[in-house]
Amino acid sequence: MKYLYLVGFILVVAGLTGIEKADGRGACGFSNPNMEALKLRPCASAAEREDAEVSGSCCSAVEKLLRKPSCLCAAVQSDIARSSGVNPRIAITIPKRCAIADRPIGYKCGDYTLP
């Protein structure tokens, strides 16, 4: 009987402290950051060189990922992005280079900050 009380107590404490069940969602929801990085293919040269032109298709892809900034961060720091030559320090500047007005300026992206 005391085990039943203990389980009940744990459930009440968990409910009061905001502990929620794990649902498997990550930085990009249920999508893998590597798969999201593939959507940034139009940004390949712009993510490697600061002086590279940023295409309209790149800006569109970045704007979509910026709906969830943590997903953009995860994508530019993913294994696929890094193995493709993406420099996260440069890639994180793309929203500014695209002149995306509602970008989350100052958002921390690992060791980088969105300008």
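**View 1. The disulfide between Cys59 and Cys98 in a predicted model.** Cys59 and Cys98 are joined by a disulfide, with 2.0 Å from S to S; a disulfide is taken as a pair of cysteine sulfur atoms within 2.5 Å. The torsion about the S-S bond is -90°, and the link of Cys59 and Cys98 is left-handed. Distant parts of the chain are linked by this pair: Cys59 sits in helix H3, and Cys98 in the loop between helix H7 (94-97) and strand E1 (108-109), 39 residues apart. Helices (H or I, at least four residues) and strands (E, at least two) are DSSP runs, numbered from the N terminus. Cys59 and Cys98 are both buried, where buried means under 20% relative accessible area, exposed over 50%, and partly exposed in between (1.4 Å probe, protein chains only). The model is predicted, so local features need pLDDT of at least 70 and side-chain atom pairs count only at pLDDT 80 or more, while totals for chains, interfaces and linings use all residues. Residues are numbered from 1 along each chain as its sequence is written, and side-chain values use heavy atoms, with hydrogens and water left out.

**View 2. The disulfide between Cys43 and Cys58.** The sulfur atoms of Cys43 and Cys58 lie 2.0 Å apart and form a disulfide. This link is right-handed, with 110° about the S-S bond. Because Cys43 is in the loop between H2 and helix H3 (56-65) and Cys58 is in helix H3, the pair ties together parts that are 15 residues apart in sequence. Cys43 and Cys58 are buried.

**View 3. The disulfide between Cys28 and Cys71.** Here the sulfur atoms of Cys28 and Cys71 are 2.1 Å apart, forming a disulfide. The torsion about their S-S bond is about 105°, so the disulfide is right-handed. The pair links distant parts of the chain, 43 residues apart: Cys28 in the loop between helix H1 (2-17) and helix H2 (33-38), and Cys71 in helix H4 (residues 69-76). Both cysteines, Cys28 and Cys71, are buried.

**View 4. The disulfides within the whole protein.** Four disulfides are found in a search of the whole structure. With bonded cysteines counted along the chain, their pattern is 1-5, 2-3, 4-7, 6-8. The protein has seven helices and two strands, in the order α-α-α-α-α-α-α-β-β along the sequence. Of its 115 residues, 34% count as buried. Among contacts (heavy atoms within 4.5 Å) between residues at least 6 apart in sequence, 59% join residues at least 24 apart.
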